[in-house]
Amino acid sequence: MFQLGKTIVSEEIINSDFVCNLQACKGACCVDGNAGAPLEEEETKILTDIFQDLRQYLRPAGIAAIEEQGPFVKGEDGEWETPLVNEQECAYVVFEGKTAKCGIEAAYNAGAISWKKPVSCHLYPVRVQEYSSLTAVNYHQWHICDPACSLGAELKVPIYKFVKEALIRKFGPEWYAELEEVAREYQESP
């Protein structure tokens with residue numbers, strides 16, 4: 001672990017490789033698990049505000065779950081998260097064949113909304129945990145992402161480079177520049 005400003009960062013995001021491989025995993029991270037995607041407080045308002053613009057990009061089961069539960073829910077851990085369809089996949093998931101994709105991102109890509117998706121989804125496999133005075137930035141290892149680790153190793157793409165846009169979105173360009181400097185120092189050390 002090393003500290004950047006008010007963050008404590010796991011070396012794994014520098015030393016481990018990762019590139020999503022949707023052909024292999026079929027978007028399992030949006031379907032598997034026991035909770036929705038983590039949401040920041042301000043994202044709950046965004047989801048409420050954009051829901052009507054999202055409707056045409058979501059599937060009927062997702063729309064029904066959102067109408068029944070709301071655009072966000074309080075998880076078992078007391079944190080905000082996306083609602084689920086039948087306690088399984090995220091309500092914002094759409095399917096292209098058997099591959100799960102984000103309906104929010106589809107609306108963003110189509111120009112219907114200006115918000116890409118929850119930052120927790122954008123950051124994955126990086127997970128952020130807020131503490132009273134520091135923020136932990138960690139690599140979340142999950143067996144369903146083994147193909148992403150293999151592809152990342154093949155392409156030689158470390159996690160921090162794979163999620164560069166999301167890390168800048170979350171922490172800013174100066175923070176990311178510092179992270180790159182730390183990564184260079186790690187690579188140069190014996």
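**Figure 1. Glutamate 105 and lysine 117, both buried, in a predicted model.** Buried denotes under 20% relative accessible area, exposed over 50%, and partly exposed the range in between, with a 1.4 Å probe and protein chains only. The two residues form a salt bridge whose closest N and O atoms are 2.9 Å apart; the term requires a side-chain nitrogen of Lys or Arg within 4 Å of a carboxyl oxygen of Asp or Glu. This pair links distant parts of the chain, 12 residues apart, with glutamate 105 in helix α5 and lysine 117 in the loop between α5 and α6. Helices (H or I, at least four residues) and strands (E, at least two) are DSSP runs numbered from the N terminus. The model is predicted: local features need pLDDT of at least 70 and side-chain atom pairs count only at pLDDT 80 or more, whereas totals for chains, interfaces and linings use all residues. Residues are numbered from 1 along each chain as its sequence is written, and side-chain values use heavy atoms, leaving out hydrogens and water.

**Figure 2. The salt-bridge network around glutamate 105.** Glu105, Lys116, Lys117 and Glu165 are its linked members. Between glutamate 105 and lysine 116, the closest N and O atoms are 4.0 Å apart. Lysine 116, too, is buried. The structure holds 11 salt bridges.

**Figure 3. The salt bridge of glutamate 130 with lysine 170.** The N to O distance is 3.5 Å. Glutamate 130 belongs to strand β7 (residues 126-130) and lysine 170 to helix α9 (residues 164-171), so that distant parts of the chain, 40 residues apart, are linked. Glutamate 130 is partly exposed at 45% relative accessible area, and lysine 170 is partly exposed at 21%.

**Figure 4. Aromatic pairing of phenylalanine 18 with phenylalanine 162.** The structure contains 6 aromatic pairs, defined for rings of Phe, Tyr and Trp (its six-membered ring) with centres within 6.5 Å; planes under 30 degrees apart count as stacked, over 60 as edge-to-face and the rest as tilted. Here the centres are 5.5 Å apart and the planes stand at 55°, so the pair is tilted. Phenylalanine 18 lies in the loop between α1 (12-15) and α2 (22-25) and phenylalanine 162 in helix α8 (residues 159-162), so the contact ties together parts 144 residues apart in sequence. Phenylalanine 18 is buried, at 0% relative accessibility, whereas phenylalanine 162 is partly exposed at 29%.

**Figure 5. The edge-to-face pair of phenylalanine 72 and tryptophan 80.** The ring centres are 5.0 Å apart and the planes are at 90°. Tryptophan 80 is partly exposed, at 22% relative accessibility.
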